[in-house]
Amino acid sequence: MPVQTSESKVTLQHPKGATAEVLLYGATVISWKSPDERLFLSSKAILDGSKAVRGGIPVVFPCFGPPSHPDHTRLSQHGFARSTLWSWGGVTEDNEKVVVVKLALEPTEAIRAVYDKPFKLTYVVSLFESDLKTELHVENTSGSSLQAPEPFEFQALFHTYIRAPSKDALVSPLTSLSYFDKTEATEEGRATAKTETRSGVDVTKFTDSVYENAPGSYDVKWPGGALHISAKGLKDVVVWNPQAEGGSTMGDMEAGGWDHFVCVEPGTVRGFAKVAPGETWVGEQTLSAGSKAAL
Ligand SMILES: O=P(O)(O)OC[C@H]1O[C@@H](O)[C@H](O)[C@@H](O)[C@@H]1O
């Protein structure tokens, strides 16, 4: 069976051996094997739907970090998409090349209590022999039925925890890009753009950097391993690793977990994306473990 579903999880199996697991909670991809595990999932991650998952690929929508948009004031950090149960949308493709599944999220009562924008989210996960593609579709459903047409603004990001030794991993190419360093101690420091001068960005110290207008094609390399990430519709990228400084304060992070991942997070998070009534915005990332991930 290429796709198996349970009450809480969807498991995809590619005919050539790759697998992926997606929780309905948060539409969180928690495992991708091609052929080895490529994502980091904390052994202390909570998977019962009571807290956003520490690892895999949490989906950040409609705000990144603490809310900064007037429409988002009642939301918590990174929004509700990663901490809401999505519904199963079925298998849309299943052949020698790819296995594709779909999940959906429409406003629930709990969401409406904190966010009143008329949206429908669709999450499409495609498992290829050595690639994993995730697509987020944000539809503005206003203008249909009883809701008056109105555009809305949002942020979106794939919070991808790539399994890699953080003491050796380098992310590139980010040279010459402007970035905002969220580890700076002051508000002014965090709001002042820096320019990246490194040809490979390491995460050997606490790192929380938001790169703007990034190229949408990234390599993560370490001795003996590599992964390629390509992004479409997502103009920014965040590089994050809390190291012991931040990681040891997180209840759901295993001890030393920060040694085993680097988060490279394509998103639209500096400013906002806008979607007009009846229109759909799409952001996608493809993780490649095959030939694109040249060592
Ligand atoms: O602990 P959370 O809510 O999953 O967030 C983890 C990190 O996510 C990153 O994307 C942010 O840039 C960091 O500032 C944040 O600490």
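This note goes through the ligand shell, the annotated residues and the backbone exceptions of a predicted model.

1. Basis. The model is predicted; local features need pLDDT of at least 70, side-chain atom pairs count only at pLDDT 80 or more, and totals for chains, interfaces and linings use all residues. Residues are numbered from 1 along each chain as its sequence is written.

2. Ligand shell. Around the ligand lie A52, G65, Q77, H78, H159, K182, D208, V238, W240 and E265, where a residue counts as near if its C-beta atom, placed from the backbone, is within 6 Å. The shell has three nonpolar, four polar and three charged residues. Here Ala, Val, Leu, Ile, Met, Phe, Trp, Tyr, Cys and Pro are nonpolar, Asp, Glu, Lys and Arg are charged, and the others, Gly among them, are polar.

3. Annotation. An unreviewed UniProt entry lists H159 and E265 under "active site". UniProt positions follow the numbering used here, feature names are shortened, and annotations may be inferred rather than shown by experiment.

4. H159. This residue is in the loop between β10 (152-158) and β11 (161-163); strands (E, at least two residues) and helices (H or I, at least four) are DSSP runs, numbered from the N terminus. H159 is buried because 23 other C-beta atoms lie within 10 Å. The classes are buried at 20 or more other C-beta atoms within 10 Å, exposed at 12 or fewer, and partly exposed in between, with C-beta atoms placed from the backbone. Apart from neighbours within four places in sequence, H159 contacts I57, P58, V60, C263 and E265 (contact: C-beta atoms, placed from the backbone, within 7 Å).

5. E265. Strand β20 (residues 261-275) holds E265, which is buried, with 25 C-beta neighbours inside 10 Å. Not counting residues up to four places away in sequence, E265 touches L157, F158, H159, T160, V237, V238 and W240.

6. Cis peptides. Most peptide bonds are trans. F61 and P62 are joined by a cis bond with omega about 0°, and P62 is in the loop between β5 (59-60) and β6 (87-94). Another cis bond joins S172 and P173, with omega about -10°; P173 is in the loop between β12 (170-172) and β13 (178-181).

7. Positive phi. Most residues other than glycine have a negative phi. N213 has phi near 45°, lies in the loop between β16 (207-211) and β17 (217-222), and is exposed, with 11 C-beta neighbours inside 10 Å. Q243 has phi of about 50° and is in helix α3 (residues 243-247); with 17 other C-beta atoms within 10 Å, Q243 is partly exposed.

How values were computed
Contact = placed C-beta atoms within 7 Å.
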